[in-house]
Amino acid sequence: MTAATVEVTARGQPSGSGAPVTNRGALAARQFSFWYGEKQALFDIDLDMRSSAITALIGPSGCGKSTFLRSINRMHDLLPGTRHEGQILLDDADVYRPEVDATALRRRVGMVFQRWNCFPKSIYDNVAYGPRINASLPRHELDWIVESSLRRAALWDEVKDRLRQTALGLSGGQQQRLCIARTLANDPEVLLLDEPASALDPIATQKIEELLYELKRELTVVIVTHNLQQAARASDYTAFFYMGRLIEVGPTDRMFTAPQEERTNSYITGRFG
Amino acid sequence: MTGAAVSSEQAGSPRERPTTPSGADALGPKRLGARIQGAVIGDRIYSAAITLFALCVPALLILVAVEIFLGGWPALRRFGFSFLTSSAWDPVNGVFGAAPAIYGTLVSSAIALAIATPLAIGVALFLSEFAPQWLRQPVAFLVDLLAAVPSVVYGLWGVFVLLPVLRITVMPFLRDTLHLGVLPFFSGPAYGPSMLAAGLILSIMVLPYISSVSREVLLAVPRSQREAALALGATKWETIWGAVLPYAKSGIIGGVILGLGRALGETMAVTMLIGNRPQISASLFAPGYTMASLIANEFAEASGDLHLSALMAVGFVLFVITLIVNAIARWLVWQVSRAGGEKTA
C-alpha cells in the first residue's frame, strides 16, 4: 500500500497542498481506460480525488467525464460490451476486484444524476429506499435516518410536514435535493454528481452548491459539470477532460487563472466546447 | 468564460432570422393574404370533417346500446329484476333468468385473469429484463402470435387436448391427490367440459394481450429510474421490484383490463368448452354457461319473441357489465397513477 502511495506521488499528479492520501473515501484512478465495445472512451486516466474536497470534472460534451464518473461506482457493469483496464482505487483498494460486490460498492459511492429521478413514491419512502433494501431496520431508526438525511440535504424544513406526500409534487430543485438526501441515507463515503444542477434555475443551483460545500466536510465529492462558473465557484480541484484523456488537473483557482496546458486555456476561455 | 460560449450561441440565431421577411417579400402581401384566407377555409373544412368522423364512433356505440336495450326491453319488463337473479332459463315455458350466464362470464374471466396475469407479467419481465438479446424478438413474436390464433382453433384444441387432460389427469390430481376436494371449488365429478376448462382456455387467449402491453410498459420505464435504484445499492431484482414494476404498475393494470375485456366477450372457444348448462355451481369442475355462449347457442333457433327478447336482454347486460368493468379499470389506472404522480395524503 505504501508502495502504491509512493508511486502516486512519483507519477507527479499536481498535488496542490500535501493533503493526506489515506483519508476515508479517497478516490484515485490509475491508468484507467474504458471501452464501449470497440470504441475507446477513456485513455489512461490518472487522477486523485481527495476526501473532504470537491473535485470538478470539466470538458466538452463527449469528452468522457461522465463515463469516468460512472466507472467509479461501476454503473457500466450492466451495459453489455463494455470493458476497462487499469484501476479505480477507493481507499487504496481497486473497486474492480472480483470479490467486490457492486451493490455494496454503490452504497459506499452514492450517485446523483443530471435529471432528478425520484421514485413515484412518498418523500419518506424515497429517502428510506436505500436503508430498506440494505437492512431491515426498526421503525424509529428508519425515521431517524430519513430525518437526518433530509437535514443534511437541507430539505427537512421544507418537507417535514408532508413526508407522506408524493415526491413528484416537489419543485425540481427540491427533487434534486431529495435525490441527494436519498443517496445520503446510505451513509456513503463518496458522492458522485453528474451535472446535478444543469436543469435547475440559478436559485436552486445555488442551494445545491451550498449544500455540496457543507457535505464535502464529511465526503469525497466528485462533480461533472458543463458550467465552468460552477466549477470555478464550487470546487477545490478541477480536472479537464478532452477526447477521453485527462489533460490537466489542479487546484481550481490555479486552473482558472493559470492553466498550464494550451487546450485547458482555450476551453476555459470559451474558444471551443 | 461562459459568457463567451453564450454569445457564440446567440450569434447563430440572427443568421436564420432574415429568411422569414424575404420569403414574404417574394410572395407579395396580397397573395400572402389570399393564401392565408385559403388556408383558413381549408382548416375549417378539415376540422369539420374530422369532428364528424370522430362523433360517428360514440354515436354508433350509443345506437347499438339503444337498439339492444329496446330489443331486450320486453323481457326485462316482464321479468324485472329477477332476470338478473333467477336461474331459470326455460324457453319451453317462457321463463328466463340470466344469473347462471352472468355468473359464468364473471367466474370464467376471473379464472382467466388469475392464471394469465402472473404468467404474462413473468413473460414480459423475462423479455424486457432478463432474456438475452437474440432471444427477445423471437419469443415476443411467438407470444404475440397467440393473439392471432382464431378462437375456434383454440376451441378445437381445447376439446381434443385440454378436456381429456383435465378429465383424466388434472382434475383427479387436484381433487384426490392434493385433497383439494374438501373445498367446494374442486369437488364433484370430473366431466371435462367445465368452468375450469373455459377459464384455462381464456387465460391462454388473454395472455398475449397482457404480456405485450406489459412488455411495452416495462421497456418504457425511464433508464433514470433503474439507475436511481442501482445507484442506491439495489440488486437487479430489487431494482425491478422496487423501481421498475411500481413505475409500470398503472400500465400493467391497463393491460390486464384489456385482457379482461377480451375474456368477458370471448364466445367461440368458451362455448366449446364450458358445457353450456345454465346452472350455478361452486365447483369449477361443473359445467356452466356464459352470456356470450348463451346468445351464440340459442339465437339462431330462438323460439318466439320473448325468447329472442331475453337473448337481447342478455346482450344488454353483457354490454353494461363490460362498460362497468372498463369504468372500474379506468378509475383504477387513474388511482394508481395519481398515487405516484400527484399529491395524495
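Trainee: How many residues does helix α5 of chain B have, and how far does the helix reach?

Mentor: This is a predicted model. In it, α5 of chain B covers residues 99-130, which is 32 residues. The helix reaches 45 Å from its first C-alpha to its last. That is close to the 46 Å expected at 1.5 Å a residue.

Trainee: Where does α5(B) bend?

Mentor: At Ala116(B), by about 30 degrees. A proline follows within four residues: Pro118(B).

Trainee: New topic. How many residues does each chain bring to the contact between B and A?

Mentor: Chain B brings 27 residues and chain A brings 34.

Trainee: And how much area is buried there?

Mentor: About 2,400 Å² between chain B and chain A. Carbon and sulfur atoms give 62% of that.

Trainee: How many salt bridges are there between the two chains?

Mentor: One. The side chains of Glu227(B) and Arg70(A) form it, at 2.8 Å from N to O.

Trainee: Which helices of chain B supply the side that touches chain A?

Mentor: α1, α9, α10 and α13 of chain B each supply at least two residues. The largest share comes from α9(B), with eight residues. By class, that side of chain B has 12 nonpolar, 10 polar and five charged residues.

Trainee: How many salt bridges does the structure hold over all chains?

Mentor: It holds 23. One of chain A's pairs joins the side chains of Arg108(A) and Glu189(A), at 2.8 Å from N to O.

Trainee: Where do those two sit in the chain?

Mentor: Arg108(A) is in helix α3 of chain A. Glu189(A) is in the loop between α7 and β7 of chain A. They are 81 residues apart, so the pair links distant parts of the chain.

Methods:
Residues numbered from 1 in each chain as written. Chains lettered and ligands numbered in written order. Predicted model: local features only at pLDDT ≥ 70, side-chain atom pairs only at ≥ 80, totals over all residues. Heavy atoms only, no water. Expected span 1.5 Å × (residues − 1). Bend = angle between axes of the 7 residues up to and from the residue. Contact = heavy atoms within 4.5 Å. Buried area = accessible area lost by both parts, 1.4 Å probe. Salt bridge = Lys/Arg side-chain N within 4 Å of Asp/Glu carboxyl O. Nonpolar A, V, L, I, M, F, W, Y, C, P; charged D, E, K, R; others polar.
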